[in-house]
Amino acid sequence: MQSARKPDPTIIIIFGGGGDLCWRKLMPAIYNLYLDNWLPDNFAVIGLDIKEMSDDQFRERILDGINQFSRRGKAIEDEWKKFASSLSYQKADFMDAETYQRLSQQLTNIEAPWGKKSNRVFYLAIPPTFIEPITENLSSSHIAQDDLLDRIVIEKPFGHDLDSARKLNKIINNIFDECQIYRIDHYLGKETVQNMMAFRFANALFEPIWNRNFIDHIQITVAEEVGVEHRGSYYDHAGALRDMIQNHILQLLCLTAMEPPVSFSADEVRNKKVDVLRAMRKFNPDDVHKNVVRGQYGGGWLQGEKVVSYKEEPGVNPKSNIETFAAVKFYVDNWRWQDVPFYVRTGKRLAQKTSVITIQFRPVPHSAFPSESIENWQPNRLVINIQPEMGIRLRFQAKQPGLKMLLTPVDMIFNYGNSYTTEPPEAYETLLLDIMLGDATLFMRSDQVEAAWQLLMPIIEAWESSAPVDFPNYSAGTWGPETSESLIARDGKNWLILPAPNNNPK
Ligand code: BG6
């Protein structure tokens, strides 16, 4: 969200420097920031982890991650050598005070030739159980005391429910000021997600019709083809509601439903988003079974390959009741959105990988055309493609060429690939740069996290008190359980057919 300026001298300290996130996402993103000349001249990364590794072994591992996962492909040798010299590694026991004394010394040594204290970014790429001991040690060792320069970054999951999220907020807020805390939701760093703000608030065209008078309903689908991959033991304690809806999908909903901000200051934008969460209609236990659907995948076929059921995935309890699919009908009770349903769905092992927001407009109030002209007629629809297709489509009616007046739906398409030649940055590039610059707009504030949990608690409680009787209830490679179709069909609507990449939707 920042304008073009480089950060001040920065040291990024990655707790979990030997882990997957650092290897796959963080270091390829930092390397790309380096190639794009976004890093300050005085810059360093310190990886901390329990594994024994020399600096060189750490660098080799990071290089391997860049070669496999960087959007630019393999590292360029000369550039890599220059970049690698700013990386170092410390074997560390996160519970041990001595780790922090050594870290403090290392920070001082790195900063000494720079002549001033740098931004220190403490990145917690570790399981949640370590958050409390690490923050407490950072506090008692006095290495994160500067409100302006020191920052802490927390990955999701942020809590397991409302109580645990509140507890976590209390622990972190005891030590860090809210403006020093960066709670990551990587969806907010995605180029197309940021574009939602540009689209809605930089164009005069859409705002007057962005409300209940013109919009019939909104759909948000975040569908994945992958199963739980190597994360079975994490996922089997989370499930789709906690893993995707509590954070990514509610954030997409907030961006769709929020009021225009007065400015793009971090707190102004986050205030407007939290207003949406607070306006969302609370569920009572009866609403849960009417308005929420859960599912779990059985075995099936995806892209011509046979895949196993969720219960057979490594790390998953063979009797698991955890949902791998969830669909919810939400309402936002305010003047703009009263009685406009927001249908959201997400799941693993679905038919297609796609994240898309669909704004379905109301039909015209009166059609003057004869019935034979409007057989194919459809109300206007705006489709915001987040990924993998990136772009926006506006569907409207046109006269089909010919001697008869025949109306057919056509699409006006904005596609990133056709409109821009530059490749968009990865979400983590955007987010890491913002952290270094001290801009928290794209990060979750404590009240947002708690409001999202508060909204979902009745669903979590209802599900915990009655085990599903029909799991698995959808086959891998489909669009989820039949109950998901009935959730929306009851209102006389249907999940809209998703556009195949680079084709006009049917
Ligand atoms: C993560 C979830 O936050 O987002 C994963 O924990 C999910 O389960 C992932 O696969 C999806 O992210 P993306 O960027 O691939 O849509």
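Modeller: Strand β9, residues 297-302, pairs with β17 in the parallel sense, over three bridges. Keep in mind that this is a predicted model.

Biologist: Which residue in β17 is the bridge partner of Y297?

Modeller: The partner of Y297 there is Y474.

Biologist: And in what sense do β9 and β10 pair?

Modeller: β9 and β10 pair in the antiparallel sense, over three bridges. Opposite L302 stands E305 in β10. The hairpin of these two strands has two residues between them, and Q303 takes a positive phi near 50 degrees there.

Biologist: What is the strand order of the open sheet, then?

Modeller: The order is β10-β9-β17, an open sheet of three strands with mixed pairing. β10 (305-307) and β17 (474-476) are the edge strands, each pairing on one side only. On average, neighbouring strands of this sheet are turned by 25 degrees against each other, direction ignored.

Biologist: Back to Y474. Is that residue buried or exposed?

Modeller: Y474 is buried: its relative accessible area is 4%, so it falls under the 20% cut-off.

Biologist: What is Y474 in contact with, apart from its neighbours within four places in sequence?

Modeller: Its contacts include Y297 and G298, along with T324, F325, K348, R349 and L350. G480 and P481 are also among them. As for G299, its C-alpha atom is separated from that of Y474 by 8.6 Å, with the two residues 175 apart along the chain.

Biologist: Changing topic. Where are the cis peptide bonds you wanted to show me?

Modeller: P472 is in the loop between α14 (446-465) and β17. Another is the bond from K156 to P157, where omega is near 5 degrees. P157 lies in the loop between β5 (150-154) and α6 (162-175).

Biologist: Why point those out?

Modeller: Because most peptide bonds are trans, and most residues other than glycine have a negative phi.

Biologist: Now the whole chain. How many helices and strands?

Modeller: There are 15 helices and 17 strands.

Biologist: And what is the radius of gyration of the chain?

Modeller: It is 24 Å; a compact globule of 506 residues would have a value near 23 Å, so the chain agrees with that. Along its principal axes the C-alpha trace spans about 80 × 50 × 45 Å.

Biologist: What share of the residues is buried?

Modeller: Buried residues are 55% of the 506 in the chain. The accessible surface is about 22500 Å², and 52% of that belongs to carbon and sulfur atoms.

Biologist: What about contacts between residues at least 24 apart?

Modeller: They are 78% of the contacts between residues at least 6 apart in sequence.

Methods
Residues numbered from 1 in each chain as written. Predicted model: local features only at pLDDT ≥ 70, side-chain atom pairs only at ≥ 80, totals over all residues. Heavy atoms only, no water. Pairing = 2+ DSSP bridges. Helix = DSSP H or I, 4+ residues; strand = E, 2+ residues; numbered from the N terminus. Axes fitted to C-alpha atoms, helices over the stretch in contact; angles between N-to-C directions. Rg over C-alpha atoms; globule rule 2.2 N^0.38 Å. Buried < 20%, exposed > 50% of the residue type's maximum accessible area, 1.4 Å probe, protein only. Contact = heavy atoms within 4.5 Å. Areas by Shrake-Rupley, 256 points an atom, 1.4 Å probe, with all protein chains shown as cover.
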